[in-house]
Amino acid sequence: MTLIDNLNSFIWGLLVDWILFLGIYLTLGLDFISLRLVPSAFVMWWQAVRHPPEGEGECGPFLNSMAALGGMIGMGNVTGVTAALIAGGPGVLVWIWIGSLVGFATKFAETFLATTYRSHNANGEVVGGPMHYLSQGLPRSLRWLGRVFALFGALAMLGVGNGLQSEQIASLLHRDLAVPPLATGVLMAALTWWVIQGGLRRIGLWSAWLIPLSSLLYLVLCLVLVLPNVERLPGVLGDILGEGFKLKAIAGGTLGLTISKGIRLGVLSNEAGLGTSPIILSAGRPGDPFYQGCISMLLSLADVVVCTATALVVLCCGFPLDGSNPVTLLDQAFATGLGGASWLMIVAVVPFAFTTFTAFGYYGERCLEFLLGVRSRQPYRLIWIAVLALASVSRHADIWEVTEVLNSMVALPNIIGILLLSGLLVRQTREQFARIQATHSLNTTP
């Protein structure tokens, strides 16, 4: 895997700078609207859930947002965060926060554009995503970027939302409950097949049950683990901030690794710059670009909370990070803190993996459908569940490296497209924000 490792390091060495630049550029270009709107986004979402709006869309606001959140919160928030801490140290968390903060603007932008350029497929279903705004909004000479995004999107989803999640959850169940990895893969594949056959509405229904309950359980467990070690918390926070900006790290060149791991995990976790969650968000009701953009930021905030909770548990448990296996380290933290009851962690995180399987399956089939039409949907689903089952017995390192390379090839055309469409985005967002302020329907006080 030396070639893959080198290619991965080279591409992400460039992309980290561009992802940060895009987030900062959009944050400034939108006059920090993306940050000021976060509190109001919750009010908008709650009002839409209580009084579902009319209009075209595959499902209502609650199911739509839960389906998208199910794709964001996955094993990347659990074992992925742990792996990043092992590789880059406690300072990685700082760059997850920074990347997520400036990433709010990126999430808003890609979801706004995806909803603006959404259309209908041959079955009359509402479809959207970066492939649509890249192929419709860009100059004709660059519209091929939409097909590039769709091609690599269909491939990348098999890694980031399928193979990687399958291997990690199978490893966890095998370690703690002695469940054969292939048995885990086959069972998850069968359940995933049944859910994705029901389309976005069924994906949303399952996510609406699993994500709130499992997220609440996981956060409570993390709190239970951190509280007995609360005396370590000031030191842990000091390490996080110190390692994130350590002058020695700058001189030694290791700060670059910390930043890179933090930003890459942020992209893998909340998908800012990857453009995947807008594929679900743009297909729901209401079909209002401004609303859907605000909701995407709200969901990103929830994702950051779960990542932070995982990091605090790992850092407060006191186990050394050097040379550890992420699954083993996390398992030790939960088993020690809960007196051997690490199975509770499994109960909480298995739904994370499952909702990721269903959401990313939807992303992948929509990407392939853009290239080959609706007839490609069933073949892709068969490939999806086959990879899910087989990846449960594969090697984690191989899947991780290939996944990150494919992610970069998805992010690159999306970043180019957002930059080129940023003028339209900023103009329309400012106009709509001004109208909302004029009607006093939003409280925009920072």
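**Entry 1: a term to start with.** I call a residue buried under 20% relative accessible area, exposed over 50%, and partly exposed in between. One more reminder to myself: this is a predicted model.

**Entry 2: Tyr 25.** I looked up Tyr 25 and found its place in helix α1, which covers residues 2–29. Is Tyr 25 buried, partly exposed or exposed? Its relative accessibility is 37%, so Tyr 25 counts as partly exposed. I then checked which surface patch Tyr 25 belongs to. Together with Trp 18 and Phe 21, Tyr 25 makes a nonpolar surface patch of about 320 Å².

**Entry 3: cysteines.** How many disulfides does a search of the whole structure find? I got zero. I also looked up two cysteines by name. Cys 59 has 1% relative accessibility, so I noted Cys 59 as buried. Cys 307 comes out at 2%, and therefore Cys 307 counts as buried too.

**Entry 4: Ser 376.** Where is Ser 376 found? I traced it to the loop between α17 (343–372) and α18 (377–391).

Then I looked at what surrounds Ser 376. Leaving out residues up to four places away in sequence, Ser 376 touches Leu 368 and Glu 369. I also found a polar atom of the Ser 376 side chain 2.7 Å from the backbone oxygen of Gly 373. That distance is within the 3.5 Å cut-off I use for a polar contact between N or O atoms.

Technical notes: Residues numbered from 1 in each chain as written. Predicted model: local features only at pLDDT ≥ 70, side-chain atom pairs only at ≥ 80, totals over all residues. Heavy atoms only, no water. Disulfide = S-S within 2.5 Å. Buried < 20%, exposed > 50% of the residue type's maximum accessible area, 1.4 Å probe, protein only. Helix = DSSP H or I, 4+ residues; strand = E, 2+ residues; numbered from the N terminus. Polar contact = N/O pair within 3.5 Å; in protein donor to acceptor, adjacent residues only side chain to side chain. Contact = heavy atoms within 4.5 Å. Patch = residues over 30% accessible without salt bridge, like charges linked within 9 Å, V, L, I, M, F, W, Y side chains within 5 Å. Areas by Shrake-Rupley, 256 points an atom, 1.4 Å probe, with all protein chains shown as cover. Salt bridge = Lys/Arg side-chain N within 4 Å of Asp/Glu carboxyl O.
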